[in-house]
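Please keep the sequence and the structure in view while reading.

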Amino acid sequence: MSILTISKLADELFLRPIVISMNSLVLSALMSYVMSANGSIDWRPLIICVTSDILVMGTDHLKDNLKEEEFSLDCNNAKNPCLASWFIYAQTFLAASAVLLAFALSQCPISTLFTTATFVAPALLWTTPIGFKKFGLISRHLVGRSGGDKHQPCTSSHVLVIKRIPGMKAIFNGIIRGCGIYAVVFSVLSGSGNLTNTLPSPWNVVQLIVWSTVNRSCHAIMTDVRDFEDDMTAGVPTIPVLLGSIPKTKVILTACHMLVMLAFIENTYITGSCLFATALVWILGKNSPKKAFLFSSHSQSLFIIWYLLTRHL
């Protein structure tokens with residue numbers, strides 16, 4: 001078990017959520033720009049995507065650290081009041097993000113609220129243990145009410161965590177950050193009557209969705225490469241652990257990036273992003289500093305910024 005320190009809390013509760021959310025900021029800015037009829041960037045989907053990222057990741061990390069140390073948030077009773085204060089800061093940060101998210105949603109069509117909830121709710125629940133015993137008790141109660149045997153024992157007490165289903169972490173990350181961001185931007189722009197029928201060259205809707213989804217999924221697997229030894233020891237069934245090899249995992253990730261690049265070879269920005277992501281796949285490894293993997297989360301960002309700058313210079 002790792003020792004809880006101020007630097008660890010600052011990294012997990014503030015730095016990582018903010019840095020990862022910046023990719024959502026840049027990606028939603030690109031989608032808003034190319035999908036808007038007047039070529040402008042709407043601030044609402046940017047705020048929604050950034051604050052949603054911060055809330056989901058920050059809440060997950062906050063629960064993990066509180067559980068790890070069984071910490072008291074009362075600074076007067078905590079073993080280390082200084083560390084307890086950082087948990088309070090994190091909760092305040094998450095509360096502020098929630099208020100900002102609520103404000104942005106209040107300025108959007110009602111469809112945006114439902115769209116956001118569709119993608120954010122699963123992300124908030126994917127680390128929540130689902131006890132089959134509860135479902136057994138409910139079904140036994142229903143059977144009893146319909147005249148069945150009320151004394152039938154509940155034999156299943158297993159707990160399911162969606163995140164621990166092999167491959168689900170990568171799939172969730174890809175769909176939520178790829179399809180989810182597109183859906184939010186589409187909802188906002190269509191609701192305000194500012195949605196274009198044709199995207200400017202070299203972009204199209206399929207490119208935006210496929211490129212973003214695959215990129216986010218591959219980054220999720222790269223974080224599993226980072227944690228390979230810890231996951232192997234704990235028996236966490238991540239893709240690298242199931243393959244039993246980091247090189248095999250990297251070959252698969254390279255193939256994914258290359259397939260996207262070849263499918264959209266006419267788009268210079270996607271080509272550059274895929275080549276950069278592939279280079280990071282082979283540069284980063286289990287012995288690389290954890291902060292170095294944050295570069296993997298921004299293999300799209302640099303090329304999106306390049307595109308946006310070329311439009312305004």
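What percentage of the contacts in the protein with a separation of 6 or more is accounted for by residues 24 or more positions apart? The share is 76% in this model, which is predicted. The protein contains 12 helices and 2 strands. Read from the N terminus, the order of elements is α-α-α-α-β-α-β-α-α-α-α-α-α-α. Of the 313 residues, 48% are buried. The accessible surface amounts to about 15,600 Å², and carbon and sulfur atoms hold 67% of that area.

The interior can be taken next. In soluble globular proteins, nonpolar side chains tend to be buried together. Here the largest nonpolar core comprises 47 residues, and Leu30, Met31, Val34, Met35, Trp203, Trp211 and Tyr307 have the most contacts inside it. At least two residues of this core come from each of α1 (6-35), α2 (43-69), α3 (81-106), α6, α7, α10, α11 and α12 (301-312). Helix α1 provides the largest share, 11 residues. A separate core of 15 residues lies apart from this one, and includes Phe228, Ile246, Val281 and Phe293.

With neighbours within four places in sequence left aside, Met35 contacts Tyr182, Val185, Phe186, Leu189, Asn194, Leu195, Thr196 and Leu199.

The loop between α6 (168-191) and α7 (205-226) contains Pro202. Most peptide bonds are trans. The bond from Ser201 to Pro202, however, is cis, with omega near 10 degrees.

How are α10 and α11 placed relative to each other? The axes of helix α10 (residues 246-263) and helix α11 (residues 268-283) come within 9 Å, crossing at roughly 175 degrees. An angle over 145 degrees counts as roughly antiparallel, and the two helices are therefore roughly antiparallel to each other. On the α10 side the contact involves Pro247, Lys250, Val251, Leu253, Thr254, His257, Met258, Val260 and Met261; these meet Ile270, Thr271, Cys274, Leu275, Ala277, Thr278, Val281 and Trp282 of α11. By type, the residues of this contact are 12 nonpolar, 4 polar and 1 charged.

Is Phe114 buried or exposed? Its relative accessibility is 54%, so Phe114 counts as exposed. The C-alpha atom of Phe114 is 9.5 Å from that of Val184, although 70 residues separate them along the chain.

Definitions and conventions: Residues numbered from 1 in each chain as written. Predicted model: local features only at pLDDT ≥ 70, side-chain atom pairs only at ≥ 80, totals over all residues. Heavy atoms only, no water. Axes fitted to C-alpha atoms, helices over the stretch in contact; angles between N-to-C directions. Helix = DSSP H or I, 4+ residues; strand = E, 2+ residues; numbered from the N terminus. Parallel < 35°, antiparallel > 145°, perpendicular 65-115°, else oblique. Contact = heavy atoms within 4.5 Å. Nonpolar A, V, L, I, M, F, W, Y, C, P; charged D, E, K, R; others polar. Buried < 20%, exposed > 50% of the residue type's maximum accessible area, 1.4 Å probe, protein only. Areas by Shrake-Rupley, 256 points an atom, 1.4 Å probe, with all protein chains shown as cover. Core = buried A, V, L, I, M, F, W, Y, C linked by side-chain atoms within 4.5 Å.
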